[in-house]
Amino acid sequence: MATVIGGSGAVPGDGAGGGFGAALAAGPVLLDGGLSTQLAAQGCDLSDALWSARLLLDEPRQLVAAHRAFFEAGARVATTASYQASRAGFAGRGVDAAKADRLLALSVELARLAAEEASAELGDGRPRWVAASVGPYGAVLADGSEYRGHYGLSAGELASFHRPRLEVLAAAGPDVLAVETVPDLLEASVLAECVRGLGVPVWFSFGAAGGLTRGGEPLSEAFALVAEVPEVVAVGVNCCAPQEVPAAVSLAVELTGRPAVAYPNSGEGWDATARDWAGAATFDPGEAPGWVAAGARLVGGCCRVGPRGIAELANALVG
């Protein structure tokens, strides 16, 4: 795997990434926003336990449209609808393992199709990439567990859950694996071992609150743990309140020597019981240049940040 040298250290990631690592070295790369946010805006019903992954079964063209909306807003990366997708999750809908694997691969194909369609429509010659989303085990439970972690499972049980989906997603040909919203050190350590040798660049992003992981552990330990993996091209946080980002970015760059990734949510809080968001939005695209100055190279939004927010981020980063 080739190595490119950026402002904050060596960045492995041009093998399967098609120039993705080089782009990180050159400057900030704009990610998309909350896929579910845009799907809801398109009128999709996301009340199913599969969440956005339901569309892989029932309405795949809606996923293409959602990815395109973010590309048209200025995003350079589409994050696939595989966050909450797994063999176990699809089994609840009567889908066998072989078909579940095909649906995981389809998530990458749909995002790639959206990138191709957007590039043809916009005609700007800019590269666009696909990040295969790998959510934590708690996401499949659909009860907010990814915001707590510590599920009571052993490392072996977590590996048995994660390794097959990682292998399927890697084989589908994404530019990068987005291992995201990781809540605790045990799951991080399992995922770090599972991505070794897959031949695809990886970013790791943790849920964070109060400067800690969602599981209440030091972010410093989480960042240092995953930075030992040669496939890792960026480390940081996602689906956290925006005010968590500045300190997390600085810490990630200091400890890992890698670029940071930062894509917070709107700042509202998720009520898992009511399955709804509450509180005030605090997402301010004008803060993003400060994140970049601190070493963030992958910048975007998560839940409740739609194409409009990404367009505002694009303008802020250009300015």
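Visitor: Which strand do two bridges join to strand β3 (residues 29-30)?
Guide: This is a predicted model, where local features need pLDDT of at least 70, side-chain atom pairs count only at pLDDT 80 or more, and totals for chains, interfaces and linings use all residues. Residues are numbered from 1 along each chain as its sequence is written, and side-chain values use heavy atoms, with hydrogens and water left out. Helices (H or I, at least four residues) and strands (E, at least two) are DSSP runs, numbered from the N terminus. β3 runs parallel to its partner, residues 296-299, which is β14.

Visitor: What is the bridge partner of Ala 262 in β14?
Guide: Start with the strands: three bridges join β11 (residues 260-263) to β14, and the two run parallel. For Ala 262, the partner is Val 299.

Visitor: Which are the edge strands of the eight-strand open sheet?
Guide: Two strands pair if DSSP finds at least two bridges between them. The sheet order is β3-β14-β11-β10-β7-β6-β5-β4, with parallel pairing. An edge strand here pairs on one side only, and that picks out β3 and β4.

Visitor: How far apart are the end C-alpha atoms of helix α4 (residues 60-73)?
Guide: The expected span is 1.5 Å times one less than the number of residues. α4 has 14 residues, so it should span 20 Å. The model agrees with that, at 21 Å.

Visitor: Which residue just after α4 takes a positive phi?
Guide: α4 itself holds buried residues (under 20% relative accessible area; exposed is over 50%, partly exposed in between; 1.4 Å probe, protein chains only). Among them are Leu 63, His 67 and Phe 70. Their cover includes α6 (97-122) and β5 (129-134). Just past the helix, phi is about 120° at Gly 74.

Visitor: Is Thr 181 buried or exposed?
Guide: Thr 181 sits in strand β6 (residues 176-182). Its phi is positive, about 60°, although it is not a glycine. Its relative accessibility is 3%, so Thr 181 counts as buried.

Visitor: What is the relative accessibility of Ala 142?
Guide: Ala 142 lies in the loop between α7 (137-141) and α8 (155-171). Its phi is also positive, near 55°. Ala 142 counts as partly exposed because its relative accessibility is 22%.

Visitor: How many disulfides does the structure hold?
Guide: A disulfide needs a pair of cysteine sulfur atoms within 2.5 Å. The sulfur of Cys 240 has its closest cysteine sulfur in Cys 239, 7.8 Å away, so it is too far for a bond. Cys 302 is in no disulfide either, with the sulfur of Cys 239 at 3.8 Å. The total is zero.

Visitor: What is the radius of gyration of the chain?
Guide: The radius is taken over C-alpha atoms, and the globule rule is 2.2 Å times the number of residues to the power 0.38. For 319 residues, a compact globule would come near 20 Å. The chain agrees with that, at 17 Å.

Visitor: What share of the contacts with a separation of 6 or more joins residues 24 or more positions apart?
Guide: The chain has 13 helices and 14 strands, and 58% of its residues count as buried. A contact means heavy atoms within 4.5 Å. Residues 24 or more positions apart account for 74%.
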